[in-house]
Amino acid sequence: MFIAVFLFTGLSVFENQLKHEVPLGYFASDAFFHAAETGYMSEQGRVKYASPAVVGGNRDVLDIHPPLLFETSGLFMTITGLAGYDAVYFTSALFLLLTALLMYSIIREFNKSIAILSLPLTILVFAFPFNNSMNLGQFLFIAGAIFMLAMIWSVKHLKEKKMWIVLGFFASATAIAHQPELIYAALFIIALLAFRLYKKDFEIKTIKALAAAGILAIILSLYSLRIFLMSWVTGGTGATLSFTTDAGVVGRGFTEITLMTLGQNIYDGAVGTIISILIRLLIIAGIVFTIIQAKKRNYATATGIFGVVISFLIYVGLEKRAFAHRWLWYIYLSVFLGIGLYTLLNRIVKWKTTYSVALAIIVLLIFFPAVSGKTKGTIMDSYNWEALQWISNNVEEKAVVHYFYVGNLEQSSTLYFSDRVSRLIVYDYYIDALRTGQIHKNYSFGLAYGYVQYVCERGPLSFGYYEYYEKQSNQSCLKEFPGLLKGELQQNTNICDIKYYYFNKAGRIEQLAQYNMAIRDLLLKNSWIKEIYSNPLVSILKNENPGADCLE
Amino acid sequence: MNKEIKDELIRVGILFLIATIILKIIFYKQDLFTIIKTSLSLFWLFVLPGFILMYYWREKFDFITRLIIGTTLGMAVIGVIGYNLGILGINLTIQSIIIPALCIALGLFLLSKKQGNQNSQNKSSDNGSPE
């Protein structure tokens, strides 16, 4: 029942259908990026090269993102026939479910009743703002978190015969799912070994098993890790170790989460306040009982504490890599709520597992209507979607499409679905131009791109770098890292040199849409510029004679 | 022992039916064929391979643990092996067939090997016991 309720809630944005005409549940750049890449890689039949639309038209730039999400979603997409955007979202919701169930498994080994009581809390990962993980497309993080927890589970059971192989696979999966979680899992293992050493409960066999698992993991993830080292590490991940009080996440569009956020946004009014207070009190009670009973070593509470501690590593500069774990607080802290509830109830009546099941069902049914169905829609409308698909099927592969004001599609990764190199108008300059009341010869366009380093193949196991953002005719794959990509991200473009123009006829900012139409109408006065596609929102023009003066 | 495996596979079969029903309830507007295909895909790609591999530890872990860890393991194996096969040029369609099949075959092989060892241990202790 829990699985059904969790999936129903997590996938309520799908509006009770598996297949959709447009990507539903997609509200941010990262989400569109992952879906576009999965779709492209699936069409190519393997997860290796980035979509040319994302890397300036290059067909042989290696994907530098951790590939596990693309691989599992791609396989799922291949067998089911689902579109990439549906497969990615579904797979990510499944990952989140398994993360909750893994925590449940870890707790269950400690106490079955507590595990059952802890489960309903995990559904609140879909309450705002914890649902940012799904809504903002942080699917790679979710993929990393599930295997990090899987590693933690398998380390506990390393004494079992051949369990090192399981750990090896989980470690490799973490390495190719999201690398920060591999580091966190390694920290957990080090802390565990240190604790065992302190308690004189340490065996050399454990080190041997860990070493074997580590070697297996390295072998299985070597190719991906090599690319990671060459790209994110050489080029910089953006995180710098230093003390700070600011996670820097609000600037990235994430909603701040503090301990006071727990329990909020479930129900409104007095009911909401009571539930919020109850959740916090039970978690605190669970922590207190854990401290009181500290002599009973408990792997589940250690896991929960660890998950929460990671999320405070923002204060040493790990920014969103650490902050992301706050989205899983309801999963990590579920063990304490379970302990709090169980311990208190057990003092009132001799508590049985069947009572836990009944109470868990009640709590689940209380939480479910509060969080299900709250996320609706998408920022992608059907008209722009249709137009992007039309470009993908009808415009030559090497074309560059120039997008003027496109309403909600300001996030350039939405344009990757055109499968063509895209240049999007720079809105600040476009607004300045609008204010002049005139149509100009030149406008500034920015390249829609998704990678900050372009890793290429110099040989079968030898890699290098491309230098430029956009594909160059005589480029070579350089051995040495050339620094930041070169070339013009923003280009002052002569409007008459453009071959394909993409306009939205309406949008949130009406004046910009009207400006669009004024430019479009002027261009259409030329006999060599024709409208090749139109729907109620989108107009696409083709210039058969780029370079000829088109503004007379 | 074979009865035990048979019982567990029946349980997995029942789980598949329940999963299909759950998916049909959640996605009630979707046609049944797509639902069954999705459910089959989930079990073929992730649940079965991992669950059968986890059967190696069936004495240590109960059904629910093996199911949860097994599904996660299935995802890990298919993700990791699939990615590496893709680098070698083997496409996703072929991967989706051979990796789960190999995992299931390996799981069954390890199980039969373990059973064989246990049977020969039982035989030698029977031979050694006094009448």
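So, the largest nonpolar core has 230 residues, and F147(A), F404(A) and Y502(A) touch the most other members. A nonpolar core here is a set of buried Ala, Val, Leu, Ile, Met, Phe, Trp, Tyr and Cys residues joined through side-chain atoms within 4.5 Å; buried means under 20% relative accessible area, with a 1.4 Å probe and protein chains only. Helix α4 of chain A, residues 84-108, gives the most to this core: 18 residues. Helices are DSSP runs of H or I, at least four residues, numbered from the N terminus. Apart from that core lies another, of 9 residues, including F51(B) and Y55(B).

A quick word on ground rules. This is a predicted model, where local features need pLDDT of at least 70 and side-chain atom pairs count only at pLDDT 80 or more, while totals for chains, interfaces and linings use all residues. Residues are numbered from 1 along each chain as its sequence is written, chains are lettered from A and ligands numbered from 1 in the order in which they are written, and side-chain values use heavy atoms, leaving out hydrogens and water.

Now, how do the chains meet? 49 residues of chain B are in contact (heavy atoms within 4.5 Å) with 55 residues of chain A. On the chain B side, α3(B) gives the most, with 19 residues. By class, that side has 29 nonpolar, 16 polar and 4 charged residues. And R108(A) forms a salt bridge with D62(B), closest N and O atoms 2.8 Å apart; the rule wants a Lys or Arg side-chain nitrogen within 4 Å of an Asp or Glu carboxyl oxygen.

Conventions: Buried < 20%, exposed > 50% of the residue type's maximum accessible area, 1.4 Å probe, protein only. Helix = DSSP H or I, 4+ residues; strand = E, 2+ residues; numbered from the N terminus. Nonpolar A, V, L, I, M, F, W, Y, C, P; charged D, E, K, R; others polar.
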